[in-house]
Amino acid sequence: MSLPQRVTKTHATGNDFVVYLDKSGKFEPTADEVRFLCDRHFGIGGDGLIRLTRPDFVSDLSDDQLSDVLAGGAKWFMDYRNADGSLAEMCGNGTRAITLFAQREGVADSTEPFRLGTRAGVKILTPRGNMRPYGANVFQVEMGEWKIGETDAYEVTIPGTEGSARGTFVDMGNPHVVAVIEDAFASLPVVESLDLVTKPVVAPVIESDQNVEFVRVDDIDQSTGVGEATMRVNERGCGETLSCGTGLCATGIVLRAKTGISHWDITVRGGTLRVDVTDSDVKLTGAATLVADIDLL
Ligand SMILES: N[C@@H](CCC[C@H](N)C(=O)O)C(=O)O
C-alpha cells in the first residue's frame with residue numbers, strides 16, 4: 001500500500017478530489033490505488049486524486065520539467081491523477097482545492113500568493129476570501145500561457161445523439177476541444193439536454209485524447225466588456241464533471257476568439273467562475289472547499 005492513512009475529500013465548484021500530503025515522497029499512488037479511492041461505490045469517490053508533494057518526489061517528471069518548476073519558485077507540487085488512474089498535466093480546479101488544503105496543513109500562507117508546481121509549469125494562486133458571486137475561499141489562479149488551434153477545425157459528435165458541432169482545440173497544458181453549440185455550425189441539442197455520460201467523439205482523432213466542453217453564450221454586456229456563458233464538460237480519464245477549470249479557461253479563450261470579449265462569467269453545473277483572458281495569460285477565479293478528513297482502514 002503506497003497511501004497514507006489519512007486522506008481528505010475536497011471539491012472546487014463540484015469538481016471533487018481525494019487529496020493528501022506526502023512530505024517525504026513515500027506515497028506515490030499506483031493506478032489501482034487511484035481507481036479505488038476515486039470509485040464512488042467501492043472507495044471514497046472523486047473525479048481525481050491529488051498528491052501534494054515536493055517536486056523532486058514526482059517520478060515521471062523530466063529533468064526539464066523539474067528545473068522549470070524549481071526555477072519558478074514552487075516548493076510544492078500538485079501530482080494530479082484522473083479517476084481512471086491516468087496522469088494529467090494540469091487541473092485548474094485542483095489547484096484551488098489543493099492550495100486551500102495546503103493552507104490548512106500549514107505549508108501555504110493563507111494571505112500570500114502560493115506558487116504551485118504542476119506538470120504544466122508553475123501556477124500562482126492568490127487568496128481572495130469570500131467573493132460574490134463566486135463563493136467562499138475564492139482563489140484567483142494565474143494559469144499562464146495558452147495556445148489555440150484553428151477555429152472550429154474539429155467535428156464533435158456524441159454517440160446516440162443526433163447532430164454535430166464544430167470544435168476548437170486549446171492547449172491549456174492539457175488538451176481541450178471547445179464546441180460552441182448554439183451557433184450556425186451546431187445541430188446538437190441545447191447544453192442542458194446533452195448526454196455527457198457518453199464520451200463525445202472528436203474528428204480528426206487527437207492522439208492524447210481530450211477534454212470536451214460544450215458552450216452556449218447567454219449574454220454579452222458591451223458596456224462592461226463582460227460576457228456570460230453556460231458550459232458542460234466531459235473530461236478525459238473521468239467522464240462528465242460538474243466543473244473543469246482548464247476547460248473553463250479554454251472556453252474563455254475560444255469565446256474571446258469568436259466574439260472579441262475577454263472577460264467571462266461562466267456557469268457550470270457546480271457554480272459560476274470568472275475567466276479573464278489576455279494574449280499571454282488566462283486567469284481563473286473560483287471557490288474551493290474542504291469536505292472531510294477520512295482515515296483509511
Ligand atoms: N478537472 C480538471 C482537469 C483534470 C484533468 C483532465 N481530466 C485531463 O485529463 O486533462 C480541471 O479543473 O482543469
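A: Glu-28 is partly exposed, with a relative accessible area of 26%. In this predicted model, the side chain of Glu-28 meets that of Arg-51 in a salt bridge, with N and O 2.8 Å apart. Glu-28 sits in the loop between β2 (15-22) and α1 (31-38), while Arg-51 belongs to strand β3 (residues 48-53). The two are 23 residues apart, and the pair links distant parts of the chain.

Arg-51 has a relative accessibility of 0% and counts as buried, the cut-off for buried being under 20%. Glu-28, at 26%, falls between that cut-off and the one for exposed, which is over 50%.

Arg-51 also has a salt bridge with Asp-79, at 3.0 Å from N to O. Asp-79 lies in strand β4 (residues 76-82) and Arg-51 in strand β3, so this pair ties together parts that are 28 residues apart in sequence. Here both residues, Arg-51 and Asp-79, are buried.

These two pairs belong to a wider set. A network of salt bridges links Asp-22, Glu-28, Arg-51, Asp-60, Asp-79, Arg-81 and Arg-119. In the whole protein the count of salt bridges is 27.

Asp-32 and Arg-35 form a salt bridge in which the closest N and O atoms are 2.7 Å apart. Both residues lie in helix α1, 3 residues apart, which is about one turn of the helix. Asp-32 is exposed, with a relative accessible area of 53%, and Arg-35 is partly exposed at 38%.

Cysteines are the next topic. A disulfide is a covalent bond between the sulfur atoms of two cysteines. The count of disulfides here is 0. Cys-244 is in no disulfide, and the nearest cysteine sulfur, that of Cys-91, is 6.7 Å away; the cut-off for a disulfide is within 2.5 Å. Cys-249 is in no disulfide either, the nearest cysteine sulfur being that of Cys-244, 8.8 Å away. Both cysteines are covered: Cys-244 is buried at 4% relative accessibility, and Cys-249 is buried with a relative accessible area of 0%.

The ligand comes next. It has 15 residues around it, and those that come nearest are Asn-15, Gly-92, Glu-235, Gly-245 and Thr-246. A ligand nitrogen atom is 2.7 Å from an N or O atom in the side chain of Glu-235. Thr-246 places a polar side-chain atom 2.6 Å from a ligand oxygen atom. Taken alone the ligand exposes 370 Å², and the protein buries 100% of that.

Last is the protein as a whole. It has 4 helices and 19 strands. Its radius of gyration is 18 Å, close to the 19 Å that the globule rule gives for 297 residues, so the protein is as compact as a globular protein of that length. The C-alpha atoms fill a box of roughly 55 × 40 × 35 Å along the principal axes. Of the 297 residues, 54% count as buried.

Conventions: Residues are numbered from 1 along each chain as its sequence is written. This is a predicted model: local features need pLDDT of at least 70, side-chain atom pairs count only at pLDDT 80 or more; totals for chains, interfaces and linings use all residues. Side-chain values use heavy atoms; hydrogens and water are left out. Buried means under 20% relative accessible area, exposed over 50%, partly exposed in between (1.4 Å probe, protein chains only). A salt bridge is a side-chain nitrogen of Lys or Arg within 4 Å of a carboxyl oxygen of Asp or Glu. A residue is near a molecule or strand if one of its heavy atoms lies within 4 Å of it. A polar contact is a pair of N or O atoms within 3.5 Å; within protein, one must be able to donate a hydrogen and the other to accept it, and residues adjacent in sequence count only if both atoms are side-chain atoms. Accessible areas come from the Shrake-Rupley method with a 1.4 Å probe; for residues, only the protein chains shown count as cover. The radius of gyration is taken over C-alpha atoms; the globule rule is 2.2 Å times the number of residues to the power 0.38.
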